[in-house]
Amino acid sequence: MQFDDLHDDPEDSLHSAEERASAANRSTWVSVAVNLVLSTIQIAVGVFARSQGLIADGIHSLSDLVADFVVLFAGHHARKDADQNHPYGHQRFETAASLALGLLLLAVGVGMLWSAVLKLQHPASVPEVHAVALWVAGAALLAKETLFRYMLAVAKRIKSSMLVANAWHARSDAASSLVVGLGIIGNLAGYPIFDPIAALIVGCMIARMGWQFSWDALHDLMDRAVDDEEVEAIRRTLVDTPGVSGVHDVRTRKMGDMIVVDAHIEVDALLTVEAGHDIAVEARQRVLQRHRVLNLMTHVDPWRRPDLDHGGAAAAAAPTPLA
C-alpha cells in the first residue's frame, strides 16, 4: 500500500474538482466491468474445476466489485459543496470510503482463512482440480495487474487516496491470482493440499491489506498531519511571500485528499493592521494555488517580538501579582 505515491511533488498543480471526479468515475467504471466479468468466470470455473483457491479468488474479485460501488458512492458525496453543518466540505467521505474498503478486505480475508483452515483439517477431502482452472487464474492475473497499473496511474495524477486504496485492492487480486495459480499447479502435479494452502495464503494477504487500509483511514479521520516534506513545502511558500519575515507553528490535518493548515506568520511590527492583513491574504492565496490545501488559517505575529500565544512568553510578559 503506497500512499506515498500521492506526494511525488507537493507543488504539482491541482486538478479541478470536475477533472478529478471525471477521472475517478471513468477508472472506477472500468474496474466495475473487469471485476464483474472476472468474478463470474472465476467462481463458475472454480465450482466446475473444484478449485477452492479459484473460488476464493473469485470472491475477492466480487469484493472488488462491491468496493468499486463504495468508491462511486463516496466520490459522489465528496463533491458536495460546503454547507452549514460541513463548513469544510464533504471531502472526508473519501476517507470514510477508504476505511470501508479496508474493513471489507479484512472481512473477506478472515472468511477465506476460516474456509481454508477447515479444508486443511481434512486434507483427504480436497479434490483434484481441472486444468482449466489454471488458465483462468493466469488470465485473471494478467487482467488484474493491468487494471492495477491503470488505476494507480489515474490515482497519482489526480492525487486521490481513495483511488490508491482501490488500485491496491486490484493489485492484491493480482497477487492472489498468482498464488492461486501456483496452488493449482501443485494440485495438478499430484499434491491436492496445495490448493487450500493457496487459498490460505490469499486470505492472509487480503486480511493484512485490509488492516493497513483501515488503520491508515482511521488515523486520517483523527486529523493526522501530512508528511514533513509537504509541511516544509507549505512553509517555504509562506516564507517566500513578500512581507513575511518568518513562519512558525505550521500545523496540518487531512481532509480527504485535501489539507487544512494553521500557521503563524511574522511581519514587521510597525506595519498597520491593514498592511499585515493584506500580507496574510497574499500568503493564503499563494498556498491555496500551489498546494492541495483546502483552507489556510493565518495568525499574524510581530517579527522579533515576544509571541504571547505561547505559554513561556505569555508567562514572562504577564504582570506580577501584588503581594
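**Close-up views of a helix pair and of salt bridges**

At 31% relative accessibility, Arg-224 counts as partly exposed. The model shown is predicted.

**View 1. Helices H7 and H8 cross in a right-handed manner.** Two packed helices are described by the angle between their axes and the distance between the axes. Helix H7 spans residues 228-239 and helix H8 residues 273-290; their axes come within 9 Å and cross at roughly 140 degrees. H7 is therefore oblique to H8. On the H7 side, the contact is made by Ile-234, Thr-237 and Leu-238, and on the H8 side by Ala-283, Arg-286, Val-287 and Arg-290. These contact residues comprise four nonpolar, one polar and two charged.

**View 2. Arg-224 forms salt bridges with Asp-216 and with Asp-220.** Side chains of opposite charge can pair when their charged atoms come close. The N to O distance is 3.7 Å for Asp-216 and Arg-224, and 2.9 Å for Asp-220 and Arg-224. Asp-216 is buried, at 17% relative accessibility, and Asp-220 is buried as well, with a relative accessible area of 8%.

**View 3. Arg-235 and Glu-232 pair within helix H7.** The closest N and O atoms of this salt bridge are 3.0 Å apart. The two residues lie three residues apart in H7, so about one helical turn separates Arg-235 from Glu-232. Arg-235 is partly exposed, with a relative accessible area of 29%, and Glu-232 is partly exposed at 31%.

Terms used
Residues numbered from 1 in each chain as written. Predicted model: local features only at pLDDT ≥ 70, side-chain atom pairs only at ≥ 80, totals over all residues. Heavy atoms only, no water. Axes fitted to C-alpha atoms, helices over the stretch in contact; angles between N-to-C directions. Helix = DSSP H or I, 4+ residues; strand = E, 2+ residues; numbered from the N terminus. Parallel < 35°, antiparallel > 145°, perpendicular 65-115°, else oblique. Left-handed = near helix turned anticlockwise from the far one by under 90°. Contact = heavy atoms within 4.5 Å. Nonpolar A, V, L, I, M, F, W, Y, C, P; charged D, E, K, R; others polar. Salt bridge = Lys/Arg side-chain N within 4 Å of Asp/Glu carboxyl O. Buried < 20%, exposed > 50% of the residue type's maximum accessible area, 1.4 Å probe, protein only.
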